Amino acid sequence: MSEPKVIRKDQLIISEEEIGGHLDELVDKIVLGDCFSVLPKLPAEIADMIFVDPPYNLQLPPKKLIRWSGTVVNGVEDRWDRFGSFADYDAFTERWLSEVKRVMKPSATIWVIGTYHNIFRIGRIMQDLGYWILNDVIWLKTNPVPNFLRVRFTNGTETLIWAIKDKEAKGYTFNHEWAYKFGYGKVGANVWELPLCAGNERLRDEQGQKIHSTQKPEKLLERVILTSTKPGDFVLDPMAGTCTTGRVAKKFGRRFLMIEKEKKYVEAAAKRLSLSKTLPGNND
Ligand SMILES: C[S@@+](CC[C@H](N)C(=O)[O-])C[C@H]1O[C@@H](n2cnc3c(N)ncnc32)[C@H](O)[C@@H]1O
C-alpha cells in the first residue's frame, strides 16, 4: 500500500487519496471526493459541529415551469438530487447520518437543513439512529419563489434540525445571547427571517449562470455557527457545495473541513475561500 502524500499547509483542495488520518493536515481544507469514501478515513470524534445541506430529492416533474412573464423557473434539476425511490433516499440518508455520527465529538451538535420533501424523512431516521433533537428552526424566506401555478401555498420556508449525538450527550455549545438576538419576536423564538442568497454573494460563471442551484445565504450559516460553536471549533460539512459553511467558519475564526464530490463546485469554493478573510477579533 502506498503512503499518503504530504499535504502542504497552503494547499486548499485535497483529494480522497491524500487523506492520511492526521487531524492537523485536514484543518481548513476542501476534500474533492465522495463523503461515503472520505468520512470513514477521518479520525473518530473530531468535529465540534456538523452542518449538512443534503440533496432534497425534489422529484420535479419533467416539465418546464414558465412564469407569467414568459421566463423559465430554474428548479433543482441536478444529477446529485435524483434518487430512484424514497427507499433509495432513505438508505442514502441513513448511511451519511451513521458516518457523521462517528466523527462527532461527544459534545458535538449537528444541523441538517431541508424542505418538506426530505426533512420529515431525515428527522425520523435521525431519531431511529439515536440522535436527540434539541430544536427545529424555521427559516422564513423574505423573498421566496412565488407559486406560479396557484394550486398550493407558496413554499417560503426551510427547516433546520439541530441535534446531539444521543440523549445523554453533555457539554454542547449553545450561545443563547446570539440565539436570542437572531430569533423571532420578544422571546427570540426558533424562526429566522432571512432572504435567499442573491446579489454579489451568489457565485456565477462567466456567462452569468448560477454555479450552484442551492447556494445557501451566508447570513443563515452565520446564525448556525455563532449560536452553536466557539472560536477555534472544528466544523465539518460533508456535502458542502460552494462551501458557504467553510467561508462563514473562516470569517468567525472556526476551523473547517469541507467535503464535496463535484469538481466545479469545489473549484468555485476554493476561489471563494481563498478570497475570504477572518474578521478582526476572531483569530484565537
Ligand atoms: C444542497 S447542496 C449543498 C449546497 C451548499 N450548502 C452551498 O451553500 O453551496 C448538496 C450538495 O451535496 C453534494 N453531494 C451529494 N452527494 C454527495 C456525496 N456522496 N459526497 C459529497 N458530496 C455530495 C452535491 O454535489 C451538492 O453540491
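Predicted model: local features only at pLDDT ≥ 70, side-chain atom pairs only at ≥ 80, totals over all residues.
## Overall fold

The protein chain holds eight helices and nine strands. Its radius of gyration is 19 Å, close to the 19 Å that the globule rule gives for 284 residues, so the chain is as compact as a globular protein of that length. The C-alpha trace spans about 55 × 45 × 45 Å along its principal axes.

Of the 284 residues, 33% count as buried. Contacts also reach along the sequence. Among those between residues at least 6 apart, 66% join residues at least 24 apart.

## Around the ligand

The ligand is surrounded by 20 residues. The closest are Asp53, Met239, Gly241, Thr242 and Thr244. Two elements give two or more residues to this shell: helix 2 (35–38) and strand 9 (255–260). By class, the shell has eight nonpolar, six polar and six charged residues.

## The two sides of helix 4

Helix 4 covers residues 119–128. Its residues Ile122, Ile125 and Met126 are buried. They cover an arc of only 105 degrees around the axis, which puts them on the same side of helix 4. An α-helix has 3.6 residues a turn, so residues three or four places apart point the same way.

Just after the helix comes Gly130, with a positive phi of about 100 degrees.

Key:
Residues numbered from 1 in each chain as written. Helix = DSSP H or I, 4+ residues; strand = E, 2+ residues; numbered from the N terminus. Rg over C-alpha atoms; globule rule 2.2 N^0.38 Å. Buried ≥ 20, exposed ≤ 12 C-beta atoms within 10 Å, placed from the backbone. Contact = placed C-beta atoms within 7 Å. Near = placed C-beta within 6 Å. Nonpolar A, V, L, I, M, F, W, Y, C, P; charged D, E, K, R; others polar. Arc of directions from axis to C-beta.
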